[in-house]
Amino acid sequence: MELIGMLDSPYVRRAAISLRLLGIPFQHRSLSVFRNFNEFEQINPLVKAPTLIGDDGELLVDSSLIIEWAESVRTEPSLMPSAPAERLQAWRLIGMALTASEKSVQIVYEHKRAPEHRDGGWLSRVEGQLRAAYDMLERHAAHGDWLVGGRFSQADLSTAVAWRFTQLVAGQAVGQHDYCALRALSLRAEQLPAFQALPPE
Ligand SMILES: N[C@@H](CCC(=O)N[C@@H](CS)C(=O)NCC(=O)O)C(=O)O
């Protein structure tokens, strides 16, 4: 089992931390979809990170699908709450965290353009969506240590990974002072052994 992609991608990092916490052994190969495009393409013509190469040699892309598969073969406790109402709440929060990740990635991609080719209108739209995602998550994070049912779950994992990524690549777009609960959640999560073992590159 091999997970391809760099841990500076929030999608690769959430998949890697989830695999580890769910007890799925894997090797990690740190390839960039940009700098290592040709090598990546030899492995997966889709050039999408994360890519999971199964023991049968077949490929699985998309962090949420990789996590869903890992949940189905896990040897450690699930990262999803079992009660239906809590499970739904976790999915809702994960959706917000994935939006925050996606908007942060879009900001990174827009900044790859030369300054004169950047679309300022698009950037402020995306930054507004990013703040909206964190405003929603902040309200939920303010209720307790962990987001759902007082226990660490995939909602916390995905939120903490998204937050750290945003801080690294687009911190100026969200500011710090408005998000005390998210900062505290991030600090708690980043102290967990699985997070420490798989830091953003
Ligand atoms: N929904 C996907 C998004 C993955 C994604 O967009 N990854 C980026 C790296 S952060 C990528 O592969 N970019 C290259 C491309 O889309 O061409 C997931 O959850 O895995």
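User: Which residues lie nearest the centre of the largest pocket, and how many line it?
Analyst: This is a predicted model. In it, the largest pocket has a lining of 30 residues, and those nearest its centre are S9, Y11, V33, V105 and Y109.

User: Which elements give two or more residues to that lining?
Analyst: Those elements are α1, α3, α4 (84–111) and α6. The largest share comes from α4, with six residues.

User: How much space is in the largest pocket, then?
Analyst: About 780 Å³. Its lining divides by class into 18 nonpolar, five polar and seven charged residues.

User: How many cavities of 30 Å³ or more are there in the whole structure?
Analyst: The search finds one. The largest cavity has a volume of about 30 Å³.

User: What lines the largest cavity?
Analyst: L7, D8, S9, P10, R13, V161, R164, F165 and P200. Two or more of the lining residues come from each of α1 and α6, and α6 gives the largest share, three residues. By class, five are nonpolar, one is polar and three are charged.

User: Switching to α3. Which of its residues are buried?
Analyst: Helix α3 covers residues 63–73, and S63, I66, I67, A70 and E71 are buried there. They sit on the same side of α3, because they cover an arc of only 140° around the axis.

User: Why would residues three or four places apart point the same way?
Analyst: An α-helix has 3.6 residues a turn, so residues with that spacing point the same way.

User: And which exposed residues are on the face turned away from the buried side of α3?
Analyst: E68 and S72.

User: What covers the buried residues of α3?
Analyst: The cover includes β1 (2–4), α1 (10–21), β3 (51–53), β4 (59–61) and α6.

User: What does D62 do at the start of α3?
Analyst: A side-chain oxygen of D62 comes to within 2.9 Å of the backbone nitrogen of S64. D62 is located in the loop between β4 and α3, and it has a positive phi of about 90° although it is not a glycine.

User: Is D62 buried, partly exposed or exposed?
Analyst: D62 has a relative accessible area of 41%, so it counts as partly exposed.

User: Which other residue has a positive phi without being a glycine?
Analyst: V47 is one of them, with a phi of about 45°. Most residues other than glycine have a negative phi. V47 belongs to the loop between α2 and β3, and it is buried because its relative accessible area is 10%.

User: Where is there a cis peptide bond?
Analyst: From A49 to P50, with omega near 5°. P50 is in the loop between α2 (37–43) and β3.

User: Where is S153, and is it buried or exposed?
Analyst: S153 is in the loop between α5 (120–141) and α6 (154–174). Its relative accessibility is 3%, so it counts as buried. Leaving out residues up to four places away in sequence, S153 touches L79, P81 and V148.

User: Last one, G95. Which helix is it in?
Analyst: G95 is in helix α4, and at 33% relative accessibility it counts as partly exposed.

Technical notes:
Residues are numbered from 1 along each chain as its sequence is written. This is a predicted model: local features need pLDDT of at least 70, side-chain atom pairs count only at pLDDT 80 or more; totals for chains, interfaces and linings use all residues. Side-chain values use heavy atoms; hydrogens and water are left out. Helices (H or I, at least four residues) and strands (E, at least two) are DSSP runs, numbered from the N terminus. Buried means under 20% relative accessible area, exposed over 50%, partly exposed in between (1.4 Å probe, protein chains only). Contact means heavy atoms within 4.5 Å. The arc is that of the directions from the helix axis to the C-beta atoms. A polar contact is a pair of N or O atoms within 3.5 Å; within protein, one must be able to donate a hydrogen and the other to accept it, and residues adjacent in sequence count only if both atoms are side-chain atoms. On a 1 Å grid over the protein atoms alone, a cavity is a set of points where a 1.4 Å probe fits but cannot get out, and a pocket is an open set with protein on both sides within 12 Å along at least five of seven lines; lining residues have an atom within 4 Å of a point. Grid points are joined across faces, edges and corners, and a volume is the space filled by probe spheres set on the points. Ala, Val, Leu, Ile, Met, Phe, Trp, Tyr, Cys and Pro count as nonpolar, Asp, Glu, Lys and Arg as charged, and the others, Gly among them, as polar.
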